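User: I have a structure open and I'd like to go through it piece by piece. Can you help me read it?

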Amino acid sequence: MLEKALKGSKTYWIWLLALAVVIAIGFLFYLRQLDFGLGITGMSRDVSWGFYIAQFTFLVGVAASAVMLVLPYYLHDYKTFGKITVIGEFLAVSSVLMCMLFIIVDLGQPMRLLNVIFYPTPNSMLFWDMIVLNGYLFLNIVIGWNVLDAERNGTAPEKWIKPLIYLSIPWAVSIHTVTAFLYCGLPGRGFWLTAVLAPRFLASAFAAGPAFLILLTFIIRKFTKFDAGKQAVQTLAKIVCYAVIANLFFFLCEVFVAIYSQIPEHMAHLQYLFFGMHGHDALVPWMWSSMALMVVAVILLIIPSARRNETTLIFACIFVFIGTWIDKGLGMISGGFVPNPLHEVNEYIPSIQEIIITLGVYATGLLVLTILYKVVTGIKEELAG
Amino acid sequence: MNDKNKIIAGLVIFFLVLLFPFWFNLIFGAADASTAPEPKLTDKAKEAETCVAETDHMRTEHMQILDQWRDIVVRDGKRVYVAENGKEYEASLSNTCMDCHSNKEEFCDSCHNYTSVDPYCWDCHTYPEETK
Amino acid sequence: MENSRRRFLKTAGVSILGVGAGSMLIGLAPGSTKAAGPGTKAGPSYTHGPEAMKGGRWGMVIDTRKLKDSTCRKMEKACHSIHNVPDHIGKFDKKNHEIKWIWATEFKHAFPGQEVEFLSEKLEHAPVPVLCNHCDNPPCVRACPTKATFKRESDGIVLMDFHRCIGCRFCMAACPYGARSFNFRDPRPAIENENPDFPTRMKGVVEKCNFCAERLAVGKMPACVEVSGGALIFGDLNDPESDVRKLLADEYAIRRKPNLGTFPSVFYIV
């Protein structure tokens with residue numbers, strides 16, 4: 001199967017090369033970070049998690065969203081998704097891989113990573129996160145690969161794969177729930193201390209992931225002969241639409257509780273994110289853009305004619321992806337740390353080096369994704385031809 | 001088979017990489033492996049005659065002892081080590097080990113370099129010359 | 001062909017699992033040294049030093065009425081120089097890399113949500129020292145994925161095992177008091193006069209106040225208490241006859257964020 005990835009057009013190889021260059025540059029800066037320490041980032045004792053952990057949080061969502069293809073197909077026999085479940089599973093593989101890389105680049109002592117296994121600590125949510133992420137990676141590689149192999153051979157997938165598929169459905173929910181539990185179980189952080197955090201994470205995940213999938217199917221269609229089909233894309237678009245609405249709804253619940261109760265600990269973070277505090281307002285334009293993008297996307301997706309029009313659909317998906325990325329990849333983590341537990345405002349702005357390392361990790365994920373998708377489309381083309 | 005050349009080239013590269021330590025040492029000269037360095041003792045260490053355990057044991061197990069010391073001192077707060085012969089020592093690298101073996105270069109480093117291990121003890125703990 | 005490949009994969013898979021499990025057992029072994037160490041025939045053992053102070057739950061009462069700015073400075077200096085706390089601000093002007101174990105702030109920062117209106121200017125800006133609260137129910141310990149930060153069962157001090165910390169900073173997010181700092185870089189260049197009796201840290205680990213565990217072990221009071229001129233009182237909260245308990249019996253004392261259920265061991269008389 002993997003041999004499919006070895007034959008490709010010039011564009012394919014240039015793309016891989018470009019990614020490799022970005023990875024190399026990112027890696028060089030990572031070596032610099034290893035040598036100097038995390039001081040090359042914009043983090044501080046007040047905002048002790050930054051860009052890396054935020055990307056991790058966002059990508060866990062993208063990974064979990066594969067379940068939006070798997071569930072309708074395997075539980076409701078929604079055949080339209082049959083062709084593309086593997087697309088979702090491989091997106092999950094590359095996303096989880098990026099999640100793990102982001103955790104590793106965020107560690108102060110990455111050489112001691114295995115201490116998490118040598119001294120297992122079930123009361124730490126990070127311990128469980130390690131388990132669910134590794135498990136999810138394993139499940140998706142095994143399932144995706146086997147189903148694709150069976151499809152290629154024109155046989156039914158192995159029997160033992162079925163239970164794994166069913167297991168992967170709650171497992172997808174678990175990875176994002178546990179990731180939310182990292183934050184929402186911390187007593188002193190009013191912004192995260194809310195039971196709606198895990199549901200909200202899932203909602204934004206089921207918006208961002210499928211939106212990205214739609215964009216990916218369009219890209220795949222442009223470069224290969226594989227077409228996911230109009231109906232599959234339209235169903236995904238509806239999923240995105242309701243997930244964004246749910247995300248906005250949960251957010252508004254959040255806002256209501258904080259603002260109506262007038263409890264400063266809960267209100268302060270929203271105030272900082274959307275209006276700035278003591279003259280610190282780096283995130284204000286971002287947060288408002290995020291909200292605007294999501295609202296516009298909802299309008300575009302809910303009107304049938306706009307949703308069916310490919311151009312507007314593409315825009316809507318891009319809006320959703322960027323909107324949820326700002327929400328989770330920028331605001332969610334900083335917002336929880338500012339103001340700090342002593343109610344002082346120390347803002348966080350990622351450093352250039354931090355952003356380059358982040359891009360390196362993203363490039364690694366895209367490289368893996370490209371190769372996996374090359375295999376998938378190669379086989380699909382082979383079957384069609 | 002028109003891939004013959006490719007296969008042979010691949011095999012050559014593979015074996016070159018595989019045998020790297022051998023040809024590298026042949027060409028660039030191996031480190032002198034014949035004479036293992038003998039750790040030098042300071043006068044104070046000679047006078048004491050025995051360390052916290054027997055010399056042979058210390059030679060092979062000092063890292064395990066240190067590992068145990070750090071765990072028990074840091075986590076249980078028990079800072080006194082009672083040796084097998086009943087003698088008591090403060091379980092401290094800087095204050096006990098380095099008190100006698102104050103010649104870090106000749107005592108610690110010579111062997112560590114020879115076996116190319118790089119313990120990170122000194123990232124945090126001090127040794128005598130350093131604080132002079 | 002197909003069959004042999006399958007057989008190979010199976011064997012390979014099983015052996016990988018075996019190697020994995022084996023190395024895990026080896027990895028776990030050092031943790032069990034305690035069982036093999038003391039107790040087994042005439043082997044070496046470990047004990048407390050003769051002067052070590054014993055307490056069931058160390059605690060501190062801070063009488064803010066007796067504190068002056070200068071005393072707070074003295075406390076910060078004593079603590080930070082004894083424990084080799086680097087001064088990244090003074091040395092490199094890097095606020096982001098700041099590390100502190102104990103520092104003076106204002107009441108409204110030490111006790112956010114408990115601000116007192118109509119306070120006189122003088123009292124509003126009066127110094128309130130803050131440090132690790134050595135909580136009886138510490139959220140940082142709950143969060144740590146490696147038990148690198150732990151509550152010592154014998155005396156309730158919340159400690160850091162710098163050898164084990166992987167630098168994930170989960171404890172910093174979990175601490176509701178902002179008591180923890182991270183070594184964003186090698187601390188040594190930012191230490192003015194290194195104290196040889198106490199280790200420094202390395203880059204990439206979290207650190208915080210240790211209630212002077214190393215001084216208690218040799219019968220000394222914590223450094224900040226020693227220079228506080230009687231404003232800081234230290235003792236065993238489990239002992240009804242201790243100075244801290246006597247003081248707490250007679251004065252109204254408050255703790256930081258008591259609503260979070262962390263049960264701090266540091267009390268404030270305001």
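**Reading the chains**

Analyst: Start with chain C, whose secondary structure comes to 11 helices and 10 strands. Keep in mind that this is a predicted model.

User: How much of chain C is buried?

Analyst: Of its 270 residues, 43% count as buried. Among the contacts in chain C between residues at least 6 apart in sequence, 66% join residues at least 24 apart.

User: What does E9(C) pair with?

Analyst: Strand E2(C), residues 58-63, is joined to E9(C) by 5 bridges, and the two run antiparallel. To see one pairing, find Met60(C): its bridge partner in E9(C) is Phe234(C).

User: Now chain A. How many helices and strands does it have?

Analyst: Chain A has 14 helices and 0 strands.

User: What size of box do its C-alpha atoms fill?

Analyst: Roughly 65 × 50 × 40 Å, taken along the principal axes. Of the 385 residues of chain A, 51% count as buried. Among its contacts between residues at least 6 apart in sequence, 80% join residues at least 24 apart.

User: Pick a helix in there. How many residues of H4(A) are buried?

Analyst: In H4(A), 20 of the 22 residues are buried, so this helix is largely enclosed by the rest of the structure. H4(A) covers residues 85-106, and at 1.5 Å a residue it should span 32 Å; its end C-alpha atoms are 31 Å apart, which agrees.

User: And H7(A)? What span should it have?

Analyst: H7(A) has 24 residues, 161-184, and at 1.5 Å a residue these should span 34 Å. The end C-alpha atoms are 34 Å apart, which agrees.

User: Where does H7(A) bend?

Analyst: The bend is at Ile169(A) and comes to about 30 degrees. A proline, Pro170(A), follows within four residues.

User: Which residues of H7(A) are buried, and what covers them?

Analyst: The buried ones include Ile165(A), Ser168(A), Ala172(A), His176(A), Ala180(A) and Tyr183(A). Among the elements that cover the buried residues of H7(A) are helices H2 (51-64), H3 (67-76), H6 (125-153), H8 (197-223) and H13 (310-337) of chain A.

User: What about Ala66(A), where does that sit?

Analyst: Ala66(A) lies in the loop between H2 and H3 of chain A.

User: Is it buried or exposed?

Analyst: Ala66(A) has 31 other C-beta atoms within 10 Å. The cut-off for buried is 20 or more, so Ala66(A) is buried.

User: Which residues is Ala66(A) in contact with?

Analyst: Leaving aside neighbours within four places in sequence, Ala66(A) is in contact with Gly88(A), Glu89(A), Leu91(A), Ala92(A), Asn140(A) and Ala172(A). Ala172(A) is also one of the buried residues of H7(A). Ala66(A) and Ala180(A) are 114 residues apart in sequence and 18 Å apart in space, C-alpha to C-alpha.

User: Let's move to the chains together. Which pair has the most contacts?

Analyst: Of the 2 pairs of chains that touch, chains A and C have the most contacts. Their contact takes 37 residues from chain A and 45 residues from chain C. On the chain A side, helix H5 (115-118), H6 and helix H10 (264-275) each supply at least two residues. H5(A) has the largest share, 4 residues. By class, that side has 18 nonpolar, 13 polar and 6 charged residues.

User: How far apart are chains A and B?

Analyst: No contact joins chain A and chain B, and their closest C-alpha atoms lie 12 Å apart.

User: And how many residues are in the contact between B and C?

Analyst: That contact takes 23 residues from chain B and 25 residues from chain C. On the chain B side, helix H4 (55-76) and strand E1 (80-82) each supply at least two residues. H4(B) gives the most, with 7 residues. The residues of that side divide into 9 nonpolar, 6 polar and 8 charged.

User: What does E1(B) pair with?

Analyst: E1(B) is joined by 3 bridges to strand E1 of chain C, residues 45-47, and the two run antiparallel. Within this pairing, Val82(B) stands opposite Ser45(C).

Technical notes: Residues numbered from 1 in each chain as written. Chains lettered and ligands numbered in written order. Predicted model: local features only at pLDDT ≥ 70, side-chain atom pairs only at ≥ 80, totals over all residues. Expected span 1.5 Å × (residues − 1). Bend = angle between axes of the 7 residues up to and from the residue. Buried ≥ 20, exposed ≤ 12 C-beta atoms within 10 Å, placed from the backbone. Contact = placed C-beta atoms within 7 Å. Nonpolar A, V, L, I, M, F, W, Y, C, P; charged D, E, K, R; others polar. Pairing = 2+ DSSP bridges.
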